[in-house]
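The sequence and structure come first.

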Amino acid sequence: MKRVLSMTALLVLIGTAASAQDLASFEKRTQVRKLDNGLTVILLERHDAPVFSYATVVNAGSAQEVPGITGLAHMFEHMAFKGSDRVGSKNWEAERAALAKVEQTYAAYDRARRAETNRDAARVAQLEQAWKDAIAEADKHMTNDEFSQVIDRAGGVGMNAFTASDITAYFFSMPSNRFELWAYMESERFRHPVFRQFYKERDVVNEERRMRIESSPFGRLLEQFMSTAFIAHPYGFGTGIGWPSDLATFSATDAAEFAKKYYVPSNMVVAIVGDVNPAEAWPIIEKYFGRLPKAEAPEPLRTVEPPQTAERTVVLRETSQPLYVEGYHRPAVTHPDDNVYDVISMLMSSGRTSRLYRSLVRDKKIAAAAAGFNGFPGEKYPNLFTFYGVTTPGHTPDELAEGIRAEIERLKTEEVPAAELQSVKTRVKAGVLRQLADNSGLALQLATYHTLYGDWRELFREIDGIDKVTAADVKRVANATFVPGNRTVAKLESVAKGAAK
Amino acid sequence: MKRLASIFALTLLTLLTTPGALAQATTYNEIKSPPLRKFSMPQPKRIALPNGMVIFLQEDHELPLIEGSATIRGGARNVPAEKAGLHTIYGQAWRTGGTATKTGDELDELLESRAARVETASGSDSSSVSMDVLKADFDTVFPIWLDVLRNPAFRQEKIDLAKTQVNTSISRRNDEPGGILGREATRLGYGPDSPYARQAEYATVASITRDDLLAFHRQTVHPNNIILAFIGDFDTAAMEKRLRDAFSSWPRGPQVAKPDPAVNGAKPGVYFISKEDVTQANIAMVHPGTQRNNPDYPAIVVMNEIFSGGFSGRLMQQLRSVRGLTYGAGGGIGAPWDYPGLFRAQMSTKSGTTLESIEALRGEVRRMIEEPATAAELSLAKESILNAYVFTMDTREKALQQQVLLELYGFPPDYYVKYPGLIEKVTAEDVARVAKTYLHPDRLAVLVVGNEKDFEKPLSTLGTVTKIDITIPEPGAGKSAAPSASNPEGMALLNKVRDFIGGAAAIDAINASRVAATMSMNTPQGAMSAEATTLIQYPSSMRQELVLPMGTMTTVITPDVAYMVTPGGTQDLPGSRRDAAVADMKTDFMHILRNAGNPRYTFTAGGTENIGGVDARVLTISPDGGTVTWYVEPATGRLLRTVRTTTAGGAGPAENVTDYSDWKQFGPVKAPTVAKITRNGEQAAEIRVTAVEVNPAVDANAFRKP
């Protein structure tokens with residue numbers, strides 16, 4: 001759900017509110033610049049306290065992967081905390097040579113161990129040892145986690161990052177007297193990322209996969225759901241964390257190539273929100289982020305998911321409690337009907353007046369939770385409108401399917417009452433207002449909107465589109481989208497321990 | 001954004017900026033950060049109402065929004081074990097069950113159409129009723145919030161819905177390994193019966209009734225247990241007036257007591273929960289921790305930072321970055337605000353490195369003692385905490401929430417002002433000392449959740465392994481026949497009271513008593529005074545004569561007959577009034593003392609509460625059904641207060657709080673000569689005793705209907 005609000009709509013909403021409150025002041029306090037190297041930087045002043053937050057959004061995510069390197073976008077995100085030639089190295093010349101050796105020995109070892117015929121176990125062991133020795137040598141020249149220690153020591157908080165299907169985002173907050181240190185560190189990690197400890201970190205990412213996917217019933221269900229719903233587009237590579245074979249194979253060299261292609265300034269947006277004086281900040285931003293070498297933005301993704309023509313179903317039979325998911329393909333976020341999907345999602349899922357809550361949770365008591373939402377797994381490309389339900393004890397996924405379909409049928413055949421539609425629109429507007437007070441959330445929103453729409457102001461504009469959605473639109477879009485041939489179902493059915501899967 | 005303006009600004013800047021200022025640093029060490037500009041976040045205004053309610057008001061005019069909350073002492077830890085889950089159901093049905101005048105569904109419509117929220121929530125030690133509203137709708141939503149706070153209806157259909165939700169959580173609690181680990185580590189650390197570790201079961205949920213929710217509400221929702229906090233686009237003076245008008249006439253009620261923490265953790269050793277559908281083992285280690293008021297707390301905070309602070313702490317450094325064993329490892333010495341915490345360390349790892357990880361994690365605990373913090377670690381930890389300190393007060397909302405917390409837990413309002421100074425003083429010796437004092441690697445209960453067939457070695461190579469069965473008990477199964485038993489301290493406290501009053505022999509020798517007193521009552525008709533003579537024949541017969549201005553009124557209640565004689569004639573009392581009165585008599589303190597040895601009565605001591613300047617021990621008594629709470633001066637056994645729920649009086653269940661004072665000797669026993677009674681928080685009566693006769697001659701017709 002994109003929560004957005006145009007200036008006019010907000011002014012209507014807040015009526016005679018004081019000037020500090022109107023959105024015009026947020027717009028007035030926002031500056032945006034494109035540096036010579038193509039990097040876009042957005043600056044929004046909020047001077048309540050001497051702190052600022054930022055988000056760097058890279059217009060690349062797991063959807064930029066191809067078979068063989070699935071999981072690599074996320075892997076690079078982990079590596080972006082390992083420093084640069086100037087952060088984290090005791091002796092860069094020695095470390096550079098040692099890291100080159102790690103890559104050479106790894107390539108030899110990897111080729112030998114994956115030989116399809118005549119695999120020579122003794123030689124594999126020997127090459128593996130050479131690789132491990134090279135790692136031990138490289139480790140001598142680095143300082144563990146220097147990047148995060150510098151940020152921690154300076155008072156940085158909330159340091160983290162995430163890799164989504166569409167984007168990769170990096171963020172934290174700092175006391176405002178550390179602005180120059182921040183600008184140095186944040187640009188440094190993309191100026192010259194160094195892939196030290198790559199293979200240890202690959203183990204860490206494998207642990208993350210085991211935790212999020214393999215050891216979680218919901219994770220296992222989602223992985224099957226995504227890889228069934230998409231047959232061509234990379235949205236179908238499971239959950240974006242990567243397939244185990246790729247995670248066990250790709251190299252630091254692969255990661256460097258990925259970064260070289262996608263981590264270019266023209267493909268990145270940095271948004272800063274907080275106690276920052278633009279007159280002082282811009283020269284500092286120019287000085288440090290200007291160091292990122294100019295390069296052409298990557299070619300847009302070629303593969304488009306072909307229309308679905310047959311219903312698909314996957315069933316997991318497990319000893320855990322039942323879960324239910326069904327998804328329908330819908331167009332990308334830039335499609336004119338995007339706001340109609342937003343309204344449908346709100347009607348079905350927002351609050352205790354929502355249709356799925358009232359029907360499945362409150363009245364039938366077959367679900368502890370049920371909702372339908374947009375943008376799964378991303379929204380930059382055609383994606384899924386996804387419904388899910390969590391059964392209450394004694395009820396089955398099929399009952400949830402029936403309950404969800406009944407509510408979908410109402411959308412398709414009955415006009416949404418005017419009061420219900422208005423209530424949804426009011427909540428969308430208020431939702432935008434409520435997120436304006438949080439530096440960190442706002443920085444991420446600004447950078448994400450600028451990445452997805454090419455203009456951060458879309459954050460405030462799209463409300464007009466939502467306001468224009470009519471009951472007829474809802475009916476039309478529901479009828480076009482929610483049809484059996486466009487549906488993928490994934491359900492987890494509970495079976496007794498030891499039963500056949 | 002006006003592009004022209006920014007280009008203009010840029011040109012200007014380029015002209016003004018000196019080359020020196022543009023000097024580019026090559027390494028981060030070359031960057032000299034200026035000192036942080038001085039600032040102080042506005043603090044909320046504190047208002048204490050005479051009825052004990054505390055209000056904090058914080059203006060914030062950036063956005064046209066107002067948020068408010070009532071934080072109410074009393075939470076899951078105040079719920080008896082056999083009703084575990086009650087508080088979750090209470091927190092849901094409080095809002096969804098609507099108010100006396102509006103159903104929850106009606107509230108949903110009303111609020112959501114205005115993008116407003118009024119929500120109730122339940123926590124371990126408190127509940128809350130909050131609101132979040134556009135300023136323009138405040139006048140509409142404030143009365144709704146007030147109505148939810150004061151007049152919840154707890155409609156049965158929403159209690160049933162909440163029970164379904166809790167039962168769903170029970171049914172799913174063994175699905176995700178991380179959830180199992182967190183829950184079971186807490187149960188190991190505190191013992192499964194601790195108020196901080198109890199869990200709802202189908203049977204406890206089934207036993208919860210609407211009356212239980214109402215009783216919990218009556219027990220906790222009194223102004224003296226409530227802290228209000230409002231923030232947003234309002235004028236403080238106007239808001240203060242509004243809240244004073246709304247709450248000033250609300251009388252005090254009994255204070256919520258804090259249960260005994262009763263940390264009764266598992267023995268050191270290895271505990272195992274088998275889960276086959278996972279590729280990772282989840283590992284936790286626990287032993288008792290400490291509490292926030294510990295003077296060592298600042299040193300503990302610094303030690304925790306060194307041990308596990310973010311990516312720079314030892315756990316993430318060693319277990320993640322250096323060894324690649326885990327995605328996440330964390331832990332530290334727990335120090336909650338008002339009860340003892342646990343030391344915890346936990347991580348997850350692939351099944352094949354389970355034992356390696358257990359040793360590595362335990363090794364880090366040991367290393368914290370054996371290899372104390374280096375100067376570099378100490379400076380990194382302290383600078384991290386102190387430089388980030390600005391983030392504890394970077395919004396008005398945080399300043400407000402801090403004051404609520406400090407008020408709730410009884411810490412001084414300048415706690416957060418003084419805190420950085422305490423951190424600054426922490427030395428390497430302090431860190432080494434607290435590590436030695438509070439970390440006990442040999443006393444850890446180690447819990448592993450995983451798929452043992454894939455472990456690199458059997459767990460038994462670590463020693464004896466205790467298997468924990470987490471099978472969810474089916475509804476109705478495992479219901480204990482007897483209520484929870486008395487605890488030794490409860491029995492001791494009871495004996496103390498018995499001795500104070502005159503000793504077991506003297507009390508057991510009492511068959512009847514006659515008490516003469518002056519009663520001042522607040523009635524719906526106004527204040528009233530009466531001379532009262534009350535004759536009680538144990539176990540359950542009572543005759544009370546009240547001399548009132550309009551004549552004498554006599555009430556007689558026995559298990560067989562119940563009637564009232566007034567100048568207008570004699571009338572029977574309904575059976576329900578009789579039963580209520582008989583039940584009420586059973587909760588009288590003398591009746592309870594006569595049943596000290598009765599196995600159907602249980603006595604449990606737990607918690608301390610200040611009653612009129614005395615730190616009274618709290619004794620919870622189950623007198624053959626129902627609950628009575630006594631507050632006892634521990635040194636003397638003097639009974640200061642009793643709290644009981646009664647239906648006698650006919651106006652629905654009410655909570656009676658009786659404060660006793662001026663004890664005097666009457667023959668073989670002591671009795672209080674002054675008793676002040678409040679009913680549902682309102683002053684109901686004051687009794688001044690003029691004479692007590694023990695074992696008086698009882699007229700044979702005293703209890704016979706004329």
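## Chain B

Chain B has 20 helices and 25 strands, where helices (H or I, at least four residues) and strands (E, at least two) are DSSP runs numbered from the N terminus. The model is predicted: local features need pLDDT of at least 70, side-chain atom pairs count only at pLDDT 80 or more, and totals for chains, interfaces and linings use all residues. Residues are numbered from 1 along each chain as its sequence is written, with chains lettered from A and ligands numbered from 1 in the order in which they are written.

The C-alpha trace of chain B spans about 105 × 70 × 45 Å along its principal axes. Of the 706 residues in chain B, 41% are buried (20 or more other C-beta atoms within 10 Å of the residue's own, with C-beta atoms placed from the backbone). Taking contacts in chain B between residues at least 6 apart in sequence, 71% join residues at least 24 apart; a contact means C-beta atoms, placed from the backbone, within 7 Å.

## Contact between chains A and B

In chain A, 74 residues are in contact with 70 residues of chain B. Elements giving two or more residues to this side of chain A include strand S1 (30-34), helix H6 (146-153) and helix H16 (418-434) of chain A. H8(A) gives the most, with eight residues.

The residues on this side of chain A divide into 31 nonpolar, 21 polar and 22 charged (Ala, Val, Leu, Ile, Met, Phe, Trp, Tyr, Cys and Pro count as nonpolar, Asp, Glu, Lys and Arg as charged, and the others, Gly among them, as polar).

Notes: Buried ≥ 20, exposed ≤ 12 C-beta atoms within 10 Å, placed from the backbone. Contact = placed C-beta atoms within 7 Å.
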